[in-house]
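Biologist: Could we go through this model together, beginning with the annotated domain and then turning to how helices pack?

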Amino acid sequence: MTGAVLQIEDLRVRIPVPGGRWVGAVDGVTLAVGSGEIVGLVGESGCGKSTLGGAVMGLLPGGSEVSGRVLLDEEDLRGLTDEQYRRIRGDDIALVSQDPASSLDPTFSVGAQVAEAIRNHRDVSRRAARERAVELLGIVGIPDPRARYADPPHRFSGGMKQRVVIAAALANDPAVLIADEPTTALDVTIQAQILHLLRDLTVRSGTGVLLITHDLGVVAQVCDRVAVMYAGQVVEQGTVRDLFARPLHPYTRALLDSQPAAHHRSGDLPVIPGRVPDLTEPPAGCRFASRCAHVHDRCATAPPVIGMPNGGQVACWLHQAVTEEVR
Amino acid sequence: MSPRLRFVLRRLALTIPVLFVMSVFIFLIIRLVPGDPVRTMLGFRATPANVAQVRAQLHLDDPLWTQYRDWITGVLHGQFGQDFISKAPLGELLAQRIPVTLELTLLSMLLAVAVGVPLGVRAAVGGRWARRLTEGFVVFGISVPDFWLGIMLVLFFSGTMMWLPPSGFISFAEDPGGNLHYMILPVLTLAVAEAAYIVRTTRGSMLGVMGRPFIVYLRAKGTRERSIVYRHALRNAAAPIATVIGIQFGVLLGGAIVVETLFALPGVGRLIVTGINQRNYPVVQAGLLVVATFFILISLITDVVVGFIDPRVSDRGQS
Amino acid sequence: MTMTMASGARRSRSAVAALPRSARIGALILVVLVVVAVLAPLLAPHDPNAIDSSRVLGAPDLGHPFGSDALGRDVLSRTIYAFRTSLAIVFGAVAVASLIALPLGTLAGYFGGWVDQVISRPLDMLLVLPALLLAISLIAIVGPGSLVAALAIALIYLPILARVQRASSLVVSQSGFVEGGRARGWSSAAVLRRHVIPNALGPLLVQAAILAGFAVQIEAALSFLGLGTQPPTASLGLMLSEGRDVLTQAPWVEIFPGLAIAVIVLAFNLLGDGLRRHLDPQGVVS
């Protein structure tokens, strides 16, 4: 996709684990986020989606090895010095993370933490940063922002804290926002409010959002496009409408079937049988093969990524047959 | 009333019963001496007439409650009674001795904090060498007894190098330079062990804080690493450090007794030790009272400081 | 029979091997020190109190590796005997404090409520004074001496140890298997004996080991001030006090007893810190 604000190409991340072994947490992911677009990245916990977010932010655990390209406005972030990366973080790329209760420093006032995000990147006076922070707190919906500026985080509810985090993240009009499970720790009613706030603010400013989540419900509410990740690889991506209406990859289908909403309160949720492969020694072929209902001899070889006529992509042998037949 | 003011007042109110218990305890010391304390004090001079006179002078024949009331009323008015041997009023004696002990302990703690906190931070965020060196320093500081360290310092700085006086004292008012000259070795002696504890606590507390999620989020905001470590992490790590500093002040006050004796500093600690050896109970009592009060006030100050560093502490219990 | 014995021995050996290396070094030093203390009469090359006017402030040599003091007494022999005094006082003090703290802390932690209040409040009052000051207060009352020094150390440690024991028996009391014992209709005494005490003992041992190291320092400080062990008995603190006047002429009189104290404290600390990881998973020990 051209004009993407964030373009990830063939990204691979290896993380050292005790015993001198490596986990290939992200393995050849290619993904793009356009200006003002919200792209969902879905998968079970441990599939590498948060590691991918960390790789984009340049905040991986020490000793991790990264290869591939991460382009921000067509500039490669890989190979930046620590200081160059620091200047970009919080300015061009921002992060909203999972648990607002633990993302704020408990000993600083919420206002100071928003103002800090500004002063990290803009050479403005304390007073100007403070005024801007009050304004931002108002924009994200903190009632009486001037009075609450000096309050420490523990005097706010979880939803209000997440609003503060969003205010700090959007303080410098970032080109890209990584939102890593931004509503997982919140009540369901608050979740929707926060998601819509995120959507409104980013669409207005043209910020591209990579929304990392395990919850397809969240994706359905706010995303434009979605990528499904399994064992370090993207197995399918497409528009939200197409993917929900016609999931192509067996894993996507299984994931959709296991969403609570799909089954109301009737019976047990279907659980995907089997286990995620050990990523210190990943299988040679399709990584989902051991759990797949449609497994076939071909699956011992890694499947090709197949472009679908509607612009979606899927990595599964099943659809090679389909497209060949189509042709 | 702001939560912070309320927190301070509540903590102040908690201090009063502690002071009361402590004063009763120290008041009772002379009354708990087995046999007749007056006979013990007088030793071979204990004729029945002398004993009766001293008993009357110390009001030992009054009911306990009256004795305590009179004693504590006097203390609150700065009258601590009389030195049993020199007959000097203890209030004046203490007025000379207290500044020496205060100077010794406060300077030691200042030095220990000034050295210990930065070292502890480096040990937590620095490389392998910073960690090893500080670990070595901690083991050394904790294992070596302070008075022996003091003797070794004297051996080196006074004996071999002849740089510093081995013992003695000049008051600050008389000669500030000379005063500091005499204070260097005693302060160093007391500060090493304190610094070791502060390094250990700072390191542990900082390691805990640097692993918390908000540190990652601060990096994500593009905060400079210096600011993350010294502004944010250190402030979060400060409450346990301040608590340990407060607790260590008690150890420091105990150490001061030894160090004052070692370096012949005319402080309250030395006063207590000589008092015990001479069975001079009024002096012992007054000295213990002063040091214990100082200790309790330091704990109070520590708790208030912790409450101001961490707003969660001062907010607790309100609503 | 032989097999169970062999496997028992193997288990205890592997338990020792599982300790961190620092703890094993600490334990080894302590074993050596205890052996030295017990066998002092056999190991000391000279009579510790034998005055030899020909060897006043004699420098270290082959016959007297640590030199001799102002009265010509052999410093090595005195150090060995002083070990004996110090370790006896310290072990005695810590043992007495632990044996009192064990029932008090267990009852306070297990029953809670008013039992806890009645036990814990008076003990807390002992913490109103700094440790060394509390010891000195007791000595001010009773008068100086080894036994008083030991009692003073025990008095300082009693509230600390009782607090640790209270905390760990509270943790154990809230665990499932104590509830199980109660459900089976066991008496409180049986639950305490079979479950609470055996499972809550670890942190007390760790705390006792750490405190024992500092007890050596406190005992030495008291003796140094003339408030502990009295001459002519050899004690590490007393030796340091006696050697001060001759420091520049005969530094060996000061150096070796001080090093001895440092080694004991270090050994107890290494052992205590190592045991902590195994015996105090909840972090009850301060």
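Biologist: Which residues of chain A does UniProt list for "domain: ABC transporter"?
Modeller: This is a predicted model, and the domain comes from an unreviewed UniProt entry. In the model, the span is 39% helix and 27% strand, with its end C-alpha atoms 27 Å apart. The record lists the domain at residues 6-256 of chain A.

Biologist: How far apart do the end C-alpha atoms of residues 204-229 of chain C lie?
Modeller: The unreviewed UniProt entry places the feature "transmembrane region" at several stretches of chain C, including residues 123-141 and 204-229. Residues 123-141 of chain C are 74% helix and 0% strand, with end C-alpha atoms 19 Å apart. Residues 204-229 of chain C are 81% helix and 0% strand, and their end C-alpha atoms lie at a separation of 28 Å.

Biologist: Is H6(C) oblique or parallel to H7(C)?
Modeller: Two packed helices are described by the angle between their axes and the distance between the axes. The axes of H6 (residues 131-142) and H7 (residues 146-173) of chain C come within 9 Å and cross at roughly 140 degrees. Because of that angle, H6(C) counts relative to H7(C) as oblique.

Methods. Residues numbered from 1 in each chain as written. Chains lettered and ligands numbered in written order. Predicted model: local features only at pLDDT ≥ 70, side-chain atom pairs only at ≥ 80, totals over all residues. UniProt positions renumbered as here; feature names shortened; annotations may be inferred. Helix = DSSP H or I, 4+ residues; strand = E, 2+ residues; numbered from the N terminus. Axes fitted to C-alpha atoms, helices over the stretch in contact; angles between N-to-C directions. Parallel < 35°, antiparallel > 145°, perpendicular 65-115°, else oblique.
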